[in-house]
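Let's take a walk through a protein together, starting with its open spaces and ending with its charged pairs. Keep the picture handy as you read.

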Amino acid sequence: MSVRKLAAGNWKMNGDLAALEQLDAMVEAAEDASCAVLICPPAVLIHPMVARVAAGDLHVGGQDCHAAASGAHTGDIAAAQLRDAGATHVILGHSERRADHGETDATVRAKAEAALAAGLTAIVCLGETEAERDAGRTLDVIAGQLDGSLPAGATAANTVIAYEPVWAIGTGRTPTDDQIAEVHALLRTRLSERLPDGASVSLLYGGSVKPSNAAQIFAIAHVNGALVGGASLKAEDFVPIIRALDAAQG
Ligand code: PEP
């Protein structure tokens, strides 16, 4: 069964209007590639980024949304507002939001349901801490996060799962191929049990993906793409990652 490949960039709290010039080469690479390409900039850059990519083959997404449709939530953004600004996807439950803002699996699920209701694709992030891995709890943690965070109404068309070990994010460290394979196999099995089209849900790996390790990571079974932080900020890093995903089997 074919699974949609996705190269997704998370700019986190980086970038400004001048940084949008990085988009031009990324759009070109996206147009040449069969995989989908997405950049999730800070919210204030979504609309100008959508304008810059124009009809180009590069999607723009948010990094978070509120679970409510609207209301008295100062500083928050509703999923429909992201959609209105031109976003097609939203990252939810990134470990930095779970850590910095106390987001639980239930919070993430509620936000993901709001995203689906607004017509966005939810990219739900999961990942173990180093202490959890050292304690041999990785698979239990991931299974629990998946069960707790997966939105009602999830399908392969509206939901993407990103496995991002917390200890690999921004550290330059990556799990072994076997460690990634083990978690992605668990995700595939569990999603196939829970969703009629769970075998087709895109599964991303995230955590220190760079041009030098992308091809190796994309060769791992059930890795259908990547969620990339630091290496998505510059076209010279992200374009080779897009190309590596495009060239990967699967
Ligand atoms: C991320 O923030 O989702 C991420 C994977 O960051 P980095 O690629 O910089 O490790």
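To find pockets, a 1 Å grid is laid over the protein atoms alone; a pocket is an open set of points where a 1.4 Å probe fits, with protein on both sides within 12 Å along at least five of seven lines, and its lining residues have an atom within 4 Å of a point. What you're looking at is a predicted model, where local features need pLDDT of at least 70, side-chain atom pairs count only at pLDDT 80 or more, and totals for chains, interfaces and linings use all residues. Residues are numbered from 1 along each chain as its sequence is written, and side-chain values use heavy atoms, with hydrogens and water left out.

So, the largest pocket: 20 residues line it, and Lys-12, Gln-63, Asp-64, Arg-97 and His-101 sit nearest its centre. Helix α4 (residues 95–100) contributes the most to this lining, with three residues; helices here are DSSP runs (H or I, at least four residues), numbered from the N terminus. The lining splits into eight nonpolar, six polar and six charged residues. Here Ala, Val, Leu, Ile, Met, Phe, Trp, Tyr, Cys and Pro count as nonpolar, Asp, Glu, Lys and Arg as charged, and the others, Gly among them, as polar.

Now for the ligand. Zoom in on Glu-164: one of its polar side-chain atoms is 2.6 Å from a ligand oxygen atom. For His-94, a polar side-chain atom is 2.9 Å from an oxygen atom of the ligand.

Last stop: charges. Side chains of opposite charge can pair when their charged atoms come close. The whole structure has eleven salt bridges (a side-chain nitrogen of Lys or Arg within 4 Å of a carboxyl oxygen of Asp or Glu). One joins the side chains of Asp-24 and Arg-52, at 2.7 Å from N to O. Asp-24 belongs to helix α1 (residues 23–32) and Arg-52 to helix α2 (residues 46–53), so the pair links parts 28 residues apart in sequence.

Technical notes: Polar contact = N/O pair within 3.5 Å; in protein donor to acceptor, adjacent residues only side chain to side chain. Helix = DSSP H or I, 4+ residues; strand = E, 2+ residues; numbered from the N terminus.
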